[in-house]
Amino acid sequence: DTIVQPDIVVVCSPFDEGTFLYKTPEIIFEILSQSTAGKDTNLKYELYENAGVKYYLIVHPREKTVEVFVLDANNKYKSEGTFASGNYHFAISGCSFDFDISVIW
């Protein structure tokens, strides 16, 4: 029932481009700005956790870091850490891949 507009989503199953995504994405990136930081780190964090988004990444452009959260067995986010570089492995239904965090910068 809630509509949000994440900065970046990763979907491994096909859907028609230009249409709404009617399923919960498994990976969401939010890029912080002064005007969105509070919403991204509080409201959207809770919305995505409650919706079952497996990976939530908060990109901090000023610090050039990415904070990675993963849903645990109790459907609560657990911080995997804050990264400025290196590879992070994503394992989701339909695909898995390594992502080089340094390419963001």
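User: Is Thr-65 buried or exposed?
Analyst: The model is predicted, local features require pLDDT of at least 70, side-chain atom pairs count only at pLDDT 80 or more, and totals for chains, interfaces and linings use all residues. Residues are numbered from 1 along each chain as its sequence is written, and side-chain values use heavy atoms, with hydrogens and water left out. Thr-65 is buried, its relative accessible area being 16% (buried is under 20%, exposed over 50%, partly exposed in between, with a 1.4 Å probe and protein chains only). Thr-65 belongs to strand 4 (strands are DSSP runs of E with at least two residues, helices runs of H or I with at least four, both numbered from the N terminus).

User: Which residues does Thr-65 touch, not counting those up to four places away in sequence?
Analyst: The contacts of Thr-65 are Ile-58, Val-59, His-60, Thr-82, Phe-83, Ala-84 and Trp-105 (contact means heavy atoms within 4.5 Å). His-60 is placed in strand 3 and counts as buried at 17% relative accessibility. With residues up to four places away again left out, His-60 touches Leu-32, Thr-65, Glu-67 and Trp-105. Trp-105 is found in the segment after strand 7 (95–100), and Trp-105 is partly exposed, with a relative accessible area of 35%.

User: Which residues touch the most other members of the largest nonpolar core?
Analyst: In soluble globular proteins, nonpolar side chains tend to be buried together. Here the largest nonpolar core has 14 residues, of which Ile-27, Phe-29, Tyr-55, Leu-57, Tyr-88 and Phe-90 touch the most other members (a core is a set of buried Ala, Val, Leu, Ile, Met, Phe, Trp, Tyr and Cys residues joined through side-chain atoms within 4.5 Å). At least two residues of this core come from each of strand 2 (27–31), strand 3 (55–60), strand 4 (65–71) and strand 6 (87–92). Apart from this core lies another, of ten residues, among them Leu-32, Tyr-45, Tyr-56 and Tyr-77.

User: Leaving aside neighbours within four places in sequence, which residues are in contact with Phe-90?
Analyst: Phe-90 is in contact with Ile-27, Tyr-55, Leu-57, Cys-95, Ser-96, Phe-97 and Phe-99.

User: How many aromatic pairs does the structure hold?
Analyst: A pair of aromatic rings is described by the distance of the centres and the angle of the planes. The structure holds twelve such pairs (rings of Phe, Tyr and Trp, the last by its six-membered ring, pair if their centres lie within 6.5 Å; planes under 30 degrees apart are stacked, over 60 edge-to-face, the rest tilted). One of them joins Tyr-45 and Tyr-77 in an edge-to-face arrangement, at 5.2 Å centre to centre and 65 degrees between the planes. Tyr-45 lies in helix 1 (residues 37–51) and Tyr-77 in strand 5 (residues 77–83), so this pair ties together parts that are 32 residues apart in sequence. Tyr-77 is buried, at a relative accessible area of 9%. Ring pairs also link Tyr-45, Tyr-48, Tyr-56, Phe-69 and Tyr-77 into a cluster.

User: How many salt bridges does the structure hold?
Analyst: Side chains of opposite charge can pair when their charged atoms come close. There are three salt bridges in the structure (each has a side-chain nitrogen of Lys or Arg within 4 Å of a carboxyl oxygen of Asp or Glu). Glu-30 meets Lys-44 at 3.1 Å, N to O. Since Glu-30 lies in strand 2 and Lys-44 in helix 1, the pair ties together parts that are 14 residues apart in sequence. Lys-44 also meets Asp-40, at 3.8 Å, N to O. Both Lys-44 and Asp-40 lie in helix 1, four residues apart, about one turn of the helix.

User: What is the relative accessible area of Glu-30, and what is that of Asp-40?
Analyst: Glu-30 is buried at 1%, and Asp-40 is buried at 2%. Lys-44 likewise counts as buried, at 9% relative accessibility.

User: Which residue forms a salt bridge with Glu-80?
Analyst: The partner is Lys-78, the closest N and O atoms being 3.8 Å apart. Lys-78 counts as partly exposed at 48% relative accessibility, and Glu-80 is partly exposed with a relative accessible area of 36%. Salt bridges that share partners join Glu-30, Asp-40 and Lys-44 into one network.
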